[in-house]
Amino acid sequence: MLAALAMQPAQAETLPVSGVTPAESDGAAALNTIRVETFGGTVGADVSIRIADTLRDVFINDQQYFTVFPAGLGDDPDGVLRGSVSSEVLRDTYEESRRECVEKDDAGKCVKRETKKITCRKREIVLSPTIRLVGYNGNLLYSRDESESVEHKTCPDRSTRMPTRESVERELADRIAAKVRAGLAPSQYRSDVRVDENRRGLDRGASGEFKQAVRLTKSDVEGACALWQELGHSSPSHAPIWYNLGLCEEMRGQAGEAETLYRKALSLDPRNSRAAEGLRRIEEGFRADHQLAAHYGA
C-alpha cells in the first residue's frame, strides 16, 4: 500500500489515512496503452471523447497511468475500448394535490379550503451504453451496460424549468466516463477516519487515559497512539483500543500491522463496524497493490 501522507494534526477525534482503492477490473490492470474508438449510437461519439479525456487524466503518485490513443491511432495498444451509447427521452404526466382556498370572509381570511388535483409533467433522459474493453489477445477485460438516467418534474404552478436535453446528456456522459474510469484504474484517497471513543468496560484509571488519548488526536496523533499502545498492555480485552491502534498503523502506512490489529479488535467484538470497515480498506489496498504491480511490472 502507498505510504501514508505526511502526518499532521487531524481534525477532532480523527486520524488521517491515505491509500489506494482498486479498479473494478483486475484484468485491465496490466494495460498501459488503450485506444478509445469512436463509439456508435446517438451520443456515442461524445461519450467516447469524455471517456478518453477522463482516462488520460488518471494519475497515481503524480505519474500518468494510461497512454490513451484516439480512434485509428496507436499501433498495437494493450487494449481497445469500443462501444455504443444511445439516448432516449421518456415523457409522462402525473397528478399532484394542492390545498386551495375556495371561500374567504369579508376580511379576506380563508374560511374554506378544498383539495384539488393538478396535472404535472415529468421527463426522464436515459443514456444506455454498451462498452467493451478487449485486450491485445482478444480477451474481454471489462464491460459496462448499466444505463444512467435523470428525471425532472414540473407543474403549472411552479416556475421551475427543465434543463435542456443537451445539458442532461452531457451530465450523464460524464457519469458514464467516471464509472469507466473507476472500472479500469485505481484511485488514490486521503480521509480523516474517526477513532473509537467507547470507554465502556475500562476501569477508572484506564478510562481517563483513553479519554486523554482521544483528546490528543486533535494536537498530537503520535502521542495518542503511544497512550493506546500502553493501554493495550493493561487492558488487552478492550476492542476499541485495538481498533484505534490499527488506525494508527494504517495512518503510518503499515497495512500488514493494521490488518492484524483490526482482526484482533473483531475477535474481541465481532460487531465492531469500525474495525470491519478498516479491514475492508486494508483488503482493498492489498488488491490495489496487486493491480499496480501488474501495471508497472513490479
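The link of Cys225 and Cys248 is left-handed, with -95 degrees about its S-S bond. Keep in mind that what you're looking at is a predicted model. The disulfide count here comes to three, and Cys225 and Cys248 also turn up where helix α4 meets helix α5.

**The Cys225–Cys248 link and its helices**

- The sulfur atoms of Cys225 and Cys248 sit 2.0 Å apart, forming a disulfide.
- This pair connects distant parts of the chain, with Cys225 in helix α4 (residues 221-234) and Cys248 in helix α5 (residues 239-251), 23 residues apart.
- Are these two cysteines buried or exposed? Both Cys225 and Cys248 are buried.
- As for the helices themselves, the axes of α4 and α5 come within 9 Å and cross at roughly 140 degrees.
- An angle over 145 degrees would count as roughly antiparallel, but α4 and α5 come out as oblique to each other.
- The crossing of α4 past α5 is left-handed.
- On the α4 side, the residues in contact are Val221, Glu222, Cys225, Trp228, Gln229, Leu231 and Gly232.
- Across from them in α5 are Ile241, Trp242, Asn244, Leu245, Cys248 and Met251.

- Cys120 and Cys155 are joined by a disulfide, S to S 2.0 Å.
- The torsion about the S-S bond of Cys120 and Cys155 is about 110 degrees, so this disulfide is right-handed.
- Cys120 belongs to strand β7 (residues 110-135), while Cys155 is in the loop between β9 (148-154) and α2, so the bond ties together parts that are 35 residues apart in sequence.
- Cys120 and Cys155 are both buried.
- Another disulfide runs from Cys101 to Cys110, with an S to S distance of 2.4 Å; the cut-off for calling a disulfide is sulfur atoms within 2.5 Å.
- The Cys101 and Cys110 disulfide is right-handed, because the torsion about its S-S bond is about 115 degrees.
- Cys101 is partly exposed at a relative accessible area of 31%, and Cys110 is partly exposed too, at 22%.
- How do the bonded cysteines pair up when numbered in sequence order? The pattern is 1-2, 3-4, 5-6.

**Helices α1 and α2**

- Helix α1 (residues 44-56) packs with helix α2 (residues 165-184) at an angle of about 45 degrees, and their axes are 9 Å apart.
- That angle makes α1 and α2 oblique to each other.
- Which hand does the crossing of α1 and α2 have, left or right? The crossing is right-handed.
- α1 brings Asp46, Val47, Arg50, Ile51, Thr54 and Leu55 to the contact.
- α2 meets them with Arg170, Ala173, Asp174, Ile176, Ala177, Val180, Arg181 and Leu184.
- The residues of this α1 and α2 contact divide into eight nonpolar, one polar and five charged.

**Ala45, in α1**

- Ala45 is another residue of helix α1.
- Ala45 counts as partly exposed, at 38% relative accessibility.
- Setting aside neighbours within four places in sequence, Ala45 is in contact with Thr38 and Phe39.
- The C-alpha atom of Ala45 is 8.4 Å from that of Ser84, a residue 39 places away along the chain.

**Two loop aspartates with positive phi**

- Asp62 isn't a glycine, yet it has a positive phi of about 65 degrees.
- You'll find Asp62 in the loop between β3 (59-60) and β4 (63-64).
- Asp62 is exposed, with a relative accessible area of 77%.
- Asp76 has a positive phi as well, about 50 degrees, and it isn't a glycine either.
- Where does Asp76 sit? Look in the loop between β5 (67-70) and β6 (79-104).

Note on methods: Residues are numbered from 1 along each chain as its sequence is written. This is a predicted model: local features need pLDDT of at least 70, side-chain atom pairs count only at pLDDT 80 or more; totals for chains, interfaces and linings use all residues. Side-chain values use heavy atoms; hydrogens and water are left out. Axes are lines fitted to C-alpha atoms, for helices over the stretch in contact, and angles run from 0 to 180 degrees between N-to-C directions. Helices (H or I, at least four residues) and strands (E, at least two) are DSSP runs, numbered from the N terminus. Angles under 35 degrees count as roughly parallel, over 145 as roughly antiparallel, 65 to 115 as roughly perpendicular and the rest as oblique. A crossing is left-handed if the near helix is turned anticlockwise from the far one by less than a right angle, and right-handed if clockwise. Contact means heavy atoms within 4.5 Å. Ala, Val, Leu, Ile, Met, Phe, Trp, Tyr, Cys and Pro count as nonpolar, Asp, Glu, Lys and Arg as charged, and the others, Gly among them, as polar. Buried means under 20% relative accessible area, exposed over 50%, partly exposed in between (1.4 Å probe, protein chains only).
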